[in-house]
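Here are my notes on the model you sent over.

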Amino acid sequence: MQSTSTEAEQTLDQVVQLFHTALPPNAVIIDPQRLRTYECDGLASYRVVPAVVVLPETAEQVRQIVRICAEHQVPFVARGSGTGLSGGALPHASGVLVVTSKMRQILEIDLANERAVVEPGVINLDITKAVAAQGYYFAPDPSSQQVCSVGGNVAENAGGAHCLKYGFTTNHILALEVVTPDGDIVELGGDARETPGYDLLGAFIGSEGTLGVVTKITVRLLRKPEAVQTLLAGFPSTDEAGAAVSAIIADGVTPAAIEMMDALAIDAAEQAVQCGYPAGAGAVLIVELDGPAAEVEHTFAEVKRHCEAHGAFEIRVAADDGERAMIWKGRKSAFAAVGRISPDYIVQDGVIPRTALPEVLGRIARLSAESGVRVANVFHAGDGNLHPLVLFDDAEPGANERAEAVSGAILDLCIEHGGSITGEHGVGADKVKYMGRMFTADDLDTMQRVRCAFDPVGICNPGKVFPTPRLCGEVPGPRRGVHPLTEAGLADQF
């Protein structure tokens, strides 16, 4: 039987009192004004004010928080820096938001074994800063790496510009310490590169906070490459730039990164950070190569040749780290820079086969022209991970709805071409309704059985990823009527 609002309020009051006992002073937030600080993540169009926010400083405190929630069946959501772009850390209105931003210690650096142990609140770039002097770095580099936390990177399996060569977060995690949804602390993975049994570590990475709360992370460290070379090429349009990308990859060259921006994205970046990209470019490519000096020198000549052969009218080569940083500055600031040319925008994230780039970009251009909704394109061209920025003005009646329609049509294009509705931003709350377009009912049932194995009560980040979470033990198959979790306010039904 569903509890009444009074019973729910009494339960929350009990939970808050237990939190005050278990946690340090000022670690529990219930003031309405302070709670609003946490009402959304980087996807500000979704907002929910949490009932309670807690700020643990240790794994033991996280364990106590989760155990209290489990005993009282109160939903909870984990949050790191709050830079996610899919609503994955969107709070629950009647639940607890577990913010790990105070857990930001680098616990161990073990260069002999090329690894480090960090807490979830550690900022991505800070790992590289801690080991740079010794000639090492942490490879995953989301555009938000100066502010995003490693715990959030684990939850979303974040990528970045260099994932073409180095892979996503999952390729750089050796072990996790996790608090399960019933309040136990467990270890996933280990010191060895491979461990026997089922890959629970792989299942947890990218699970978007639905399987537990990470409290400790063992990451791989890589040696800095001997040489790095960065090229900026201006093209008349994305067609020529896309053809150059295909030619480079077909030639057997695997750059560390190949990034593309179209004219609208370039305009935004110029207004925001004055990056000085080639004037009049309909598209730019940023190509970075790294590795042994002799290899980089040879492959760089091939990359330059392919760019010239496919219409590049200007090519610049970074002479030093300062020039390299300036080339990357425009790309790294692209999402925020779009605010210079549009009061509101949707940051989309989908994947297509690299060979489908010209056709899909052309279809997006037609969608934009037919709808009157501008779309700026910024993406990882090397692996087909698109980040269309759908621009609109929320003050204009119906503009939000038109932008959402274009955004959804872009995801449909990705599915149509054998791609995915997300490459690195996650499903979260934003793309729940698209999961049924990409997966069959049997697919979704199978995935949710994994979720139920970790979280049989359904209180860990409920309402995310799946259109309507299945109750553990529920018989698979079509559901008729209102789902119990929807009726209880723990999930939405699409």
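Predicted model: local features only at pLDDT ≥ 70, side-chain atom pairs only at ≥ 80, totals over all residues.

How many bridges join strand S16 to S19, and do they run parallel or antiparallel? Four bridges, and the two strands run antiparallel.

1. Overall build. The chain comes to 17 helices and 19 strands. For 494 residues, a compact globule would have a radius of gyration near 23 Å, and the chain agrees with that because its own value is 23 Å. Along the principal axes, the C-alpha atoms fill a box of roughly 70 × 55 × 45 Å. Of the contacts with a separation of 6 or more, 70% are between residues 24 or more positions apart.

2. Some 54% of the 494 residues count as buried. The accessible surface is about 20,800 Å², and carbon and sulfur atoms make up 51% of it.

3. Strand S19 and its partners. Besides S16 (residues 344–347), S19 pairs with S17 (residues 350–351) through two antiparallel bridges and with S18 (residues 375–380) through six, again antiparallel. If you want landmarks in the viewer, Asp344 is the bridge partner of Phe392, Val351 that of Asn385, and Val375 that of Val390. The S18–S19 hairpin has four residues between the strands, and Gly384 there takes a positive phi near 70°.

4. How enclosed is S19? Eight of the eight residues in S19 (residues 385–392) are buried, so the strand is largely enclosed by the rest of the structure. Both faces take part: Asn385, His387, Leu389 and Leu391 point one way, Leu386, Pro388, Val390 and Phe392 the other, and all are buried.

5. The four-strand sheet. This is an open sheet in the order S1-S2-S4-S3, with mixed pairing. Strands S1 (28–29) and S3 (76–79) stand at the edges with a single partner each, so one side of each has no neighbour in the sheet. S3 pairs with S4 (residues 96–99) in the parallel sense over four bridges, and Arg79 stands opposite Val99 in S4.

6. Ala51 sits in the loop between helix H2 (32–35) and strand S2 (52–54). Pro32 is 19 residues away from Ala51 in sequence, with 8.6 Å between their C-alpha atoms. Beyond neighbours within four places in sequence, Ala51 is in contact with Leu12, Ile30, Leu35, His92, Ala93, Ser94 and Gly95.

Notes:
Residues numbered from 1 in each chain as written. Heavy atoms only, no water. Rg over C-alpha atoms; globule rule 2.2 N^0.38 Å. Buried < 20%, exposed > 50% of the residue type's maximum accessible area, 1.4 Å probe, protein only. Contact = heavy atoms within 4.5 Å. Areas by Shrake-Rupley, 256 points an atom, 1.4 Å probe, with all protein chains shown as cover. Pairing = 2+ DSSP bridges.
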